[in-house]
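Please look over the sequence and the model that follow before reading on. The paragraphs below then go through the structure element by element.

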Amino acid sequence: MNIFVGNLEYHVSEDELKEAFGNHGTVDSVKIISDRNTGRSKGFAFVVMPDDKEAQSAIDALNGKELNSRPITVNESKRPEENRGGFEEKGVYENKGRGHDRRIPGRDRERGRRDRY
């Protein structure tokens, strides 16, 4: 099970998280998400535990508990939804009367050109 851990102190290490979750079962991996420009932690991480019962036990035990003097948020990680907003169908425009602004999805690929978007 993939577990989301939020509200982390910026100086928490992967080893500290692995130790905290390891008390409840086997931990496959720990990944603290960091800013790509500064390298500083963004304050959240993902922990992977192979056994769902152990993972649920860790979630129940650690959610709201303090880690380095901050209460952490722990819950099952959910996959993002497919449609995150924006256009419903990319690359499809209504003909506005000029004829040159109508696009048909995939037409560029059929002609060997790169899509514009």
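Which residues are exposed on the other side of α1? They are D15 and E19, where exposed stands for over 50% relative accessible area, buried for under 20%, and partly exposed for values in between, with a 1.4 Å probe and protein chains only. The model is a predicted one, in which local features need pLDDT of at least 70 and side-chain atom pairs count only at pLDDT 80 or more, whereas totals for chains, interfaces and linings use all residues. Residues are numbered from 1 along each chain as its sequence is written, and side-chain values use heavy atoms, with hydrogens and water left out.

The protein chain has 3 helices and 6 strands, which follow one another from the N terminus as β-α-β-β-α-β-β-β-α; helices (H or I, at least four residues) and strands (E, at least two) are DSSP runs, numbered from the N terminus. Of its 117 residues, 26% count as buried. The chain exposes about 9000 Å², of which carbon and sulfur atoms supply 43%, with areas taken from the Shrake-Rupley method with a 1.4 Å probe, and for residues only the protein chains shown counting as cover.

An open sheet is formed by 4 strands in the order β2-β3-β1-β6, with antiparallel pairing; two strands pair if DSSP finds at least two bridges between them. Because β2 (29–34) and β6 (73–76) stand at the edges and each has a single partner strand, one side of each is left without a neighbour in the sheet. From one strand to the next the twist averages 20°, where axes are lines fitted to C-alpha atoms, for helices over the stretch in contact, and angles run from 0 to 180 degrees between N-to-C directions.

Strand β1 (residues 2–6) pairs with β6 in the antiparallel sense over 4 bridges, and in this pairing I3 stands opposite E76, while V5 has V74 as its bridge partner. Strands β1 and β3 also run antiparallel and are joined by 4 bridges, with N2 standing opposite V48 in β3.

In α1, L17, A20 and F21 are buried, and seen down the axis of the helix they fall within an arc of 90°, so they line one face of it; the arc is that of the directions from the helix axis to the C-beta atoms. An α-helix has 3.6 residues a turn, so residues three or four places apart point the same way. The cover over the buried residues of α1 includes β1, β2, β3, α2, β4 and β6.

In α2, the buried residues are A55, A58, I59 and L62, and, seen down the axis, they fall within an arc of 100°, so they too line one face of their helix. The face of α2 turned away from this buried side carries the exposed residues K53 and D60. What covers the buried residues of α2 includes β1, α1 and β6.

Which residues have the most contacts inside the largest nonpolar core? They are I3, V5, L17, F21, V47, M49 and V74, in a core of 20 residues, a nonpolar core being a set of buried Ala, Val, Leu, Ile, Met, Phe, Trp, Tyr and Cys residues joined through side-chain atoms within 4.5 Å. The elements that give two or more residues to this core are β1, α1, β2, β3 and α2, and α2 gives the most, with 4 residues. In soluble globular proteins, nonpolar side chains tend to be buried together. Leaving out residues up to four places away in sequence, V47 touches M1, N2, I3, V5, F21, V27, S29 and V30.

Apart from its neighbours within four places in sequence, L67 is in contact with L8, V12, L17 and I72. The C-alpha atoms of L67 and L8 are separated by 7.6 Å, although these residues are 59 residues apart along the chain.

Key:
Contact = heavy atoms within 4.5 Å.
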